Amino acid sequence: MRIEHMREFLAIHDEGNFSRAARSLFMAQPALSRHVQELERELGVKLLDRDKHSVRLTEAGERAYKGFRQILRNYERLTDDIASYKGGLVGNLRIGMLYYTIRQDFGDAMERFSAEYPGVRLRRFSYQPQEVFQALAEERIDVGVLPRANYPEADWLCYQDVHTGGLSALVSADHPLASHGGLTLDDLADETGVLLRDDPYSNRCYAEALERVGFAQHSVVYTDNIDTVPLELKRGRFVYLIPQGLPLPGFEGELVEIPIRAEGLSVTKSLAWRADNDNPMVPLFLEIAKR
């Protein structure tokens, strides 16, 4: 039984389905399915009940989940102890990333951290904003990227700002606004915005930014997640707000980013961590990320 297969099994439960788990692990979904089947064959029991949209643990899967988590904790302690004999700083640091803006959010901070602290195991998890928040709440990651906002009942979070900038409107190439070189808030007064059904955190960040300049969207429609935004924009004459300079990759020629020119309109993305996190690697990483 392989350690990595145990980690993958935990990720499937934590993420709620195979596709999100595969994305967070940076692996192909068919390979993830094969590894679960190998675990089930080796243990001789069914671990997961699966449908098109979600998975849930069987009774045997619940037992396996608890056991695998304990095995992984012990394994990480063992590897840390062995590494300590070699000298130098050792440990683990778990980073929650937004998969579509990894380079913009981190630059080369992770590479520089690994070069400076080679004994620290850097574990990367690919998420969407609401998943970052949940992973921080459940202490599954040490540091994550979040859009900055006044989240309710989140006084346990600390922040280090990464980037502050304006907002752009993302529209389909055939939208009447697509030919504009820039937009005012008046241009958007009668437009229908797109919000993410499963991401109240980005929604709140953008709503607060608009509220600060005295603007509210005329009407909104909801789509499932960031991956379905392009389809929604091409289906109707809608507008999706994004931080300037961070267009959705892979839709060049189909979607157009137009900067919104409004004084005081800005959003901030931050590195976030729990105030009670005592992992000594966290302040070391934050210091490198500031450079």
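The legends below describe an overview and several close-up views of a predicted model.

**Figure 1. Overview of the protein chain.** The predicted chain has 291 residues, of which 49% count as buried. Its secondary structure comprises 10 helices and 12 strands. Along the principal axes, the C-alpha atoms fill a box of roughly 60 × 45 × 35 Å. Among contacts with a separation of 6 or more, 73% join residues 24 or more positions apart. The chain exposes about 14,800 Å², and carbon and sulfur atoms supply 49% of this area.

**Figure 2. Phe285 in the largest nonpolar core.** This core contains 55 residues, and the members that touch the most others are Leu93, Ile95, Phe113, Ile260 and Phe285. Leaving out residues up to four places away in sequence, Phe285 touches Leu93, Ile95, Phe106, Ala109, Met110, Phe113 and Leu271.

Figure 3. Helix α8 spans residues 200–212 and contains Asn203. Asn203 counts as buried because its relative accessibility is 16%, under the 20% limit. A polar atom of the Asn203 side chain lies 2.9 Å from the backbone oxygen of Leu196. Apart from neighbours within four places in sequence, the residues in contact with Asn203 are Leu195, Leu196 and Tyr222.

**Figure 4. A nonpolar surface patch that includes Leu43.** Met1, Leu43 and Val45 make up the patch, and together they have about 230 Å² of accessible area. Leu43 belongs to helix α3, which covers residues 29–43. The relative accessible area of Leu43 is 37%, so this residue is classed as partly exposed.

**Figure 5. Phe26, a loop residue with positive phi.** Phe26 is located in the loop that connects α2 (18–25) and α3. Phi of Phe26 is about 55°, a positive value although the residue is not a glycine. Most residues other than glycine have a negative phi.

Figure 6. Glu139 is a residue other than glycine, and its phi is positive, near 60°. With a relative accessibility of 48%, Glu139 counts as partly exposed.

Conventions. Residues numbered from 1 in each chain as written. Predicted model: local features only at pLDDT ≥ 70, side-chain atom pairs only at ≥ 80, totals over all residues. Heavy atoms only, no water. Patch = residues over 30% accessible without salt bridge, like charges linked within 9 Å, V, L, I, M, F, W, Y side chains within 5 Å. Areas by Shrake-Rupley, 256 points an atom, 1.4 Å probe, with all protein chains shown as cover. Salt bridge = Lys/Arg side-chain N within 4 Å of Asp/Glu carboxyl O. Helix = DSSP H or I, 4+ residues; strand = E, 2+ residues; numbered from the N terminus. Buried < 20%, exposed > 50% of the residue type's maximum accessible area, 1.4 Å probe, protein only. Polar contact = N/O pair within 3.5 Å; in protein donor to acceptor, adjacent residues only side chain to side chain. Contact = heavy atoms within 4.5 Å. Core = buried A, V, L, I, M, F, W, Y, C linked by side-chain atoms within 4.5 Å.
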